[in-house]
Amino acid sequence: MAAQNNNMEFIIMIITAVILLIPLGYGVVSLASSNDTQPFIEKPDEKYDKCVRDTEYMRLNHMDLLKEIRDDAMRRGKRGEITLNDCRKCHTSRERFCDKCHNVVNAQLDCYGCHYFPK
Amino acid sequence: MERREFLKKSGVLLAGTACACALPLLPAAAKSINVDSENTAGKKWGMVIDLNKCAKDCNACLDACRKENNVAMHGDKRWDIHLIRKVTLKRKHPAESPEISVPLLCNHCERPPCAQACPVKATYKREDGIVIVDHHRCIGCRYCMISCPYNARFFNYRENHEWPNKDNTRSSHGVPESCNFCAHRLDKGKKPACVEACEEINAKALIFGDLNDPGSDVSKVIAGNHVRGIREDFGTKPKVLYIGL
Ligand code: SF4
Ligand code: SF4
C-alpha cells in the first residue's frame with residue numbers, strides 16, 4: 001500500500017512540474033525559432049547622420065532636453081535651435097518611434113494633442 | 001494679571017499674528033518674465049486699430065488668424081474659439097451714431113488680471129508685454145476667463161480637428177486660449193498674421209509695433225491721433241488701442 005502511495009505522489013509531482021514548465025518552454029522555443037531581426041525602434045532617414053545630441057544621451061535624457069527647449073520657447077521666447085518640428089524630419093513616424101517604448105512602459109504621451117507629428 | 005487685562009493682551013497678540021500671516025496673501029503684482037530672443041528683447045509690443053479704415057464686411061484678419069493658429073470653429077457658438085473677433089457697435093445716447101465694426105482681441109493688458117488670477121502661473125506677461133498662456137502648465141481652472149474683463153479668453157470645451165498650419169500647435173481640449181500677438185512669429189522677427197493680412201489687402205487698419213521705440217509706426221500713429229483703449233477706467237492699461245472708438 002505504502003509503495004503505491006509513493007508512486008502516486010511521484011507521478012503527481014512530475015505532472016505538476018511539467019505543467020509549470022510549459023510557459024517557460026514555450027517562451028524559450030518561440031524565442032529560439034523567431035527570426036525577427038528588425039530593430040526595436042525605427043532608424044531615422046539615412047540622409048540625416050547626426051542627432052542634436054548623441055544616442056546615449058537621447059536614450060536616457062530626451063525628456064529633459066524636450067522640457068528645456070519647451071521652457072526656452074514658452075518662457076524665454078527663444079525658439080528655433082532645436083524644435084519638436086525638427087525631430088519629425090528624421091523620425092518620420094511616431095508609431096514606429098516614440099510609441100514603441102512608451103507603449104511598453106505605459107508612459108503616455110500627450111504631446112501630440114497639440115503638436116503635429118505624423119502617425 | 002487680571003482676567004480682563006489678560007484677555008485684552010491675548011486679543012492684541014492674536015490680531016497681530018493674524019495680520020502677519022495674511023501678509024503673503026496680499027495680491028502681488030504679476031511679475032513679467034524675461035525674454036531672450038533678440039527680436040523681442042527690450043521691446044513693448046502694442047497695436048493700434050484704425051476703425052475708420054476697417055471695413056464692416058472684411059474678415060481678412062480673422063481668417064488669417066484661424067489659418068495661422070489652427071483656431072477651432074465648430075459651428076456652434078458655445079464651443080467656437082475666437083482669438084480675434086468682430087462686433088458691430090452703435091451709440092444710441094446722447095445721439096445715434098453710425099454703426100462701426102470693431103475687431104476685438106486680447107488687449108495684452110499692462111496689468112493683466114488674468115495673470116494675477118492664474119493659480120499656477122500658466123498665464124503670465126512676458127517682458128515684451130505679451131500676455132500668453134502656457135498650455136503645458138495650465139490646469140484648466142478657467143479663473144483667467146472669469147477675471148478677464150474683456151471676454152478675450154475662450155475655452156476649448158471640445159477637441160479641435162482643424163489643423164491647417166502643421167508647423168504651429170493647435171489647442172487640445174481643456175485649456176483656454178487668447179490672442180498672443182503670434183508670439184512664435186514675433187520671436188522669429190515676423191509680424192502677427194492678422195497684421196500681415198490687413199496689409200496685404202491694403203486696408204492697413206491694424207498697425208503693430210514697438211511702443212518703446214518713438215520712431216516705430218505705432219508710436220507715430222499714437223502721437224498723431226486720438227487713441228483710446230476699451231474701458232480704460234478698469235486700470236488694466238490695454239496695449240491694443242483704437243482710433244475712432
Ligand atoms: S484682455 Fe483679458 S486675457 Fe488679455 S491680458 Fe487683459 S485680462 Fe488678460
Ligand atoms: S485656466 Fe489655465 S491659464 Fe487660466 S487661470 Fe486656470 S490654470 Fe491659469
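This is a short tour of the model, stop by stop, with what to select at each one.

**Before you start.** You're looking at a predicted model, where local features need pLDDT of at least 70 and side-chain atom pairs count only at pLDDT 80 or more, while totals for chains, interfaces and linings use all residues. Residues are numbered from 1 along each chain as its sequence is written, chains are lettered from A and ligands numbered from 1 in the order in which they are written, and side-chain values use heavy atoms, with hydrogens and water left out.

**Stop 1: where the chains meet.** Show chains A and B together. The contact (heavy atoms within 4.5 Å) involves 15 residues from chain A and 23 residues from chain B. Between them the two chains bury about 1700 Å², 51% of it on carbon and sulfur atoms; buried area here is the accessible area (1.4 Å probe) that two parts lose on being put together, summed over both.

Now select Arg79(A) and Asp187(B). Their side chains form a salt bridge at 2.6 Å, N to O. The rule (a side-chain nitrogen of Lys or Arg within 4 Å of a carboxyl oxygen of Asp or Glu) finds three salt bridges across this interface.

**Stop 2: a sheet in chain B.** Pick out the strands in the order β9-β2-β11-β10: these four make an open sheet with mixed pairing. Two strands pair if DSSP finds at least two bridges between them. At the edges sit β9 (206-210) and β10 (227-228) of chain B, each pairing on one side only. Zoom in on β2 (residues 45-50) of chain B, which runs antiparallel to β9(B) and is joined to that strand by five bridges. For a landmark, click Val48(B), which stands opposite Ile207(B) in β9(B).

**Stop 3: ligand 1.** Select the residues around ligand 1 (those with a heavy atom within 4 Å of it). Among them are Cys106(B), His108(B), Cys109(B), Cys114(B), Cys148(B) and Arg153(B).

**Stop 4: ligand 2.** Which residues come nearest to ligand 2? Of the 14 around it, they are Cys118(B), Cys138(B), Cys141(B), Arg142(B) and Cys144(B).

Technical notes
Helices (H or I, at least four residues) and strands (E, at least two) are DSSP runs, numbered from the N terminus.
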